[in-house]
Amino acid sequence: MEVDKPLKTYEELVNIISERHGLVIENKGYAIKILKSIPYYDLINGYKDHLMENDLYRNTVTFEYLVLYSMFDKSFQNILFKYSVYVESRFKNIIAYVISENFGVIESEYLDPQKYKCPSNTAKRNKKRLLFKDLQSACRGENVEYPTLHYVNNKNHVPPWILFRNISFSSIIDLYSFLPERLQNIVAEEFTSLHISCDNKKDFLFNAITIVRIFRNRIAHNLKFITSTTKKYSLKNKDLRVSLLGTLLTKEDNKLNRGRNDRFAMIISLVILLDSDILALQMGRDIEDLKNNYINNARKDNLVDNYFININAPIDIPIRIYNFYASL
């Protein structure tokens with residue numbers, strides 16, 4: 001069978017970039033070395049929406065620029081990933097505390113499905129059943145490691161704050177969705193200092209935490225980040241967006257629908273969900289340091305400005321983070 005995508009040598013790939021896509025490559029040896037480190041798909045297909053027109057590179061793009069652009073993108077994603085880990089840890093910690101306080105710390109108590117919502121939707125009921133089956137399996141030491149496994153083997157129970165360390169981010173979000181309304185309110189109030197109603201906080205929390213999870217997973221698995229969105233999960237709540245005007249959002253952002261379900265929405269979500277000026281301001285400094293490093297070392301072609309324009313995110317994120325925490 002003749003395959004659609006036969007294996008290409010590195011030399012052939014370099015020729016394709018040069019001849020088919022019109023990119024000037026002065027040093028083919030350097031280009032081959034790069035392609036052995038950065039997959040062709042990541043480097044070429046990953047940024048074609050930003051740097052190509054009609055499948056040809058714009059005249060301002062060089063191979064060196066393409067590599068630097070990719071490196072800046074990955075470095076920027078790594079900053080967001082780093083702070084998404086803090087958000088996940090905080091979310092699990094708060095859920096564990098609320099569940100322990102209200103349902104107890106013994107598995108048979110806090111993993112009793114009767115204490116949680118019973119969805120009317122069949123698909124959601126099945127989802128709940130499978131979730132609790134997995135959680136109960138984990139409490140028996142199945143498919144878990146330290147620290148849960150240590151507690152299974154050495155203690156007489158596994159409290160929520162230990163179990164949740166070995167449970168996926170997605171599963172904990174699902175568990176939150178099945179909490180009784182009263183406990184969801186407590187979690188939402190605990191999680192954010194936003195000056196909006198409790199119902200709006202709950203709406204924000206579920207959407208924001210899901211946006212962070214989806215983008216975090218794309219980053220972790222090296223999937224396309226720069227043009228992806230979270231589709232049905234969105235920061236579209238009117239009261240939320242009004243409360244953020246003048247700090248994280250501008251009227252122009254609202255006009256452009258920016259920061260709803262895009263990369264900027266992940267950043268907004270991280271800033272608010274961290275609920276810590278120390279961590280959020282450090283995230284801002286990390287972004288500023290990255291920008292300055294590339295501005296100093298790749299001044300020509302306005303790489304940094306172009307990147308933020310291309311991902312439809314404001315370049316003044318660090319200032320916005322500072323303004324947000326100054327307003328609380």
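Colleague: Which hand does the crossing of α5 and α17 have?

Modeller: In this predicted model, the crossing of α5 and α17 is right-handed.

Colleague: Why are α5 and α17 called oblique to each other?

Modeller: The axes of helix α5, residues 63-103, and helix α17, residues 303-310, cross at roughly 60 degrees and come within 11 Å. Angles from 65 to 115 degrees count as roughly perpendicular and those under 35 as roughly parallel, with the rest between these and the antiparallel range being oblique, and α5 and α17 are therefore oblique to each other.

Colleague: Which residues of α5 and α17 meet?

Modeller: On the α5 side they include Tyr 65, Phe 72 and Asp 73, and on the α17 side they include Leu 303, Tyr 307 and Asn 310. Sorted by class, the contact of α5 with α17 has nine nonpolar, two polar and one charged residues.

Colleague: What makes α1 roughly perpendicular to α2?

Modeller: The axes of helix α1, residues 10-20, and helix α2, residues 28-37, cross at roughly 110 degrees, coming within 9 Å. Because the range from 65 to 115 degrees counts as roughly perpendicular, α1 is described in that way relative to α2.

Colleague: Why does Thr 247 count as buried?

Modeller: Buried means under 20% relative accessible area, and Thr 247, at 11% relative accessibility, therefore counts as buried. This residue lies in the loop between α13 and α14, where a polar atom of the Thr 247 side chain is 2.9 Å from the backbone oxygen of Leu 244. Leaving aside residues up to four places away in sequence, Thr 247 touches Arg 320, Asn 323, Phe 324 and Ser 327.

Definitions and conventions. Residues numbered from 1 in each chain as written. Predicted model: local features only at pLDDT ≥ 70, side-chain atom pairs only at ≥ 80, totals over all residues. Heavy atoms only, no water. Axes fitted to C-alpha atoms, helices over the stretch in contact; angles between N-to-C directions. Helix = DSSP H or I, 4+ residues; strand = E, 2+ residues; numbered from the N terminus. Parallel < 35°, antiparallel > 145°, perpendicular 65-115°, else oblique. Left-handed = near helix turned anticlockwise from the far one by under 90°. Contact = heavy atoms within 4.5 Å. Nonpolar A, V, L, I, M, F, W, Y, C, P; charged D, E, K, R; others polar. Buried < 20%, exposed > 50% of the residue type's maximum accessible area, 1.4 Å probe, protein only. Polar contact = N/O pair within 3.5 Å; in protein donor to acceptor, adjacent residues only side chain to side chain.
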